[in-house]
Amino acid sequence: MLKYTVKRLLQSLVTIFLIATAVFLMMRCLPTDYYFTEEQLMKFTDQQKTAALEAAGLTDPIPTQLVKFYNNLLHLDFGTSRRIQNGAPVVKVIGKKFGVSMRLGLIASGISLVVGVLILQAAFKDKVFDWIGTAYTVFVNAVPSLVSYSLVLVFGSKYLGFPTLYSTRNVSASSVLPITCLSLASIAGYALWTRRYMVDELTRDYIKLARVKGLSSREIMFKHVLRNAMVPMVQYIPQSILLTVGGSLLMERFFSVPGMGPLLTDAIQRYDLNVVQTLVILYAVLGIVGVFLGDVLMMVVDPRITLTGKEEAR
């Protein structure tokens, strides 16, 4: 386990290094005019523009800028925001929005996981409950997210009285509709895959043997079928949760949630270099950590699985 962890840590660091380098170089490929606002472009002379770029270090050779960028990363110095929140540390700018997305994402992920897994459609295979669950899954996957969000908005606001827009003054009530929208697709996904894997398990010989031994349907479902069906699923649960915590672009814009979702696109459009670079690195870290935790969780659920073998292969 220790050897595997060290190996994955080194691989992760290399991956983050490559991603950070790629986004750094891509942002430097954009025209320098993006560095200025429209008002500055109209008012600044060429000399003033050049002076501003020199002060920001954007006129230095790319290798020089890259070395400085690496040095700042090693010291966990992500710089300050220039356009999103002028002069504020990037960590502070992202921290506020990350907190909002994390709260909504964790609640939505918890609801999705519990509801999606415990629906247990496979226990009612080819019955009315199974048909309803399948119809819901097909509907959520077939209908564009914007349409399903609109339906939730209309029903939740008109008939249940929940606020249509997120408000920091009424966080609890205004979070209901965003959390519901975040949960819809995930519930359908968990329910679909749980049903698929459980149906496969129900055809196994050991299930027939368990019935012959006199085990009840409840014992078979929870002690054998559900546990074994969860093994191929758990690998993707941590990554799904962490990416949900990272924010949803469409949902957060739809409900005006001041979270992480719209921040990356806003930072790119406004050429806020430090914010873009930090966000990309953050998302890369979330994805990598999610994959690693998925491997560990899969081993916990099924002790027969080892992360390394005699040939050091998974």
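1. Which helix gives the most to the lining of the largest pocket? In this predicted model, that helix is α4, with six residues. The pocket holds about 630 Å³ of space, and of the 28 residues that line it, Arg28, Ala56, Lys68, Asn72 and Asn274 are the closest to its centre. Helices α1, α4 and α15 (273-301) each supply at least two residues of this lining, which by class comprises 11 nonpolar, 11 polar and six charged residues.

2. The second largest pocket, with about 310 Å³ of space, also draws at least two lining residues from each of α1, α4 and α15, although here the largest share, four residues, comes from α1. By class its lining has 11 nonpolar residues, with no polar and no charged ones; among them are Phe17, Tyr70, Phe78, Ile281 and Val285.

3. Phe17 and Tyr70 also form a tilted aromatic pair, with 5.0 Å from centre to centre and 35 degrees between the planes. Because Phe17 lies in helix α1 (residues 2-28) and Tyr70 in helix α4 (residues 62-74), the pair ties together parts that are 53 residues apart in sequence.

4. Another tilted pair joins Phe155 and Tyr159, at 5.6 Å centre to centre and with 40 degrees between the planes; Phe155 is partly exposed at 46% relative accessible area, whereas Tyr159, at 56%, counts as exposed.

5. Over the whole structure, a search finds seven aromatic pairs, and ring pairs link Phe17, Phe24, Phe69 and Tyr70 into a cluster.

Key:
Residues numbered from 1 in each chain as written. Predicted model: local features only at pLDDT ≥ 70, side-chain atom pairs only at ≥ 80, totals over all residues. Heavy atoms only, no water. Phe/Tyr/Trp six-rings, centres within 6.5 Å; stacked < 30°, edge-to-face > 60°. Buried < 20%, exposed > 50% of the residue type's maximum accessible area, 1.4 Å probe, protein only. 1 Å grid on protein atoms, 1.4 Å probe; cavity = no way out; pocket = protein on both sides within 12 Å on 5 of 7 lines; lining within 4 Å. Points joined across faces, edges and corners; volume = space filled by probe spheres on them. Nonpolar A, V, L, I, M, F, W, Y, C, P; charged D, E, K, R; others polar.
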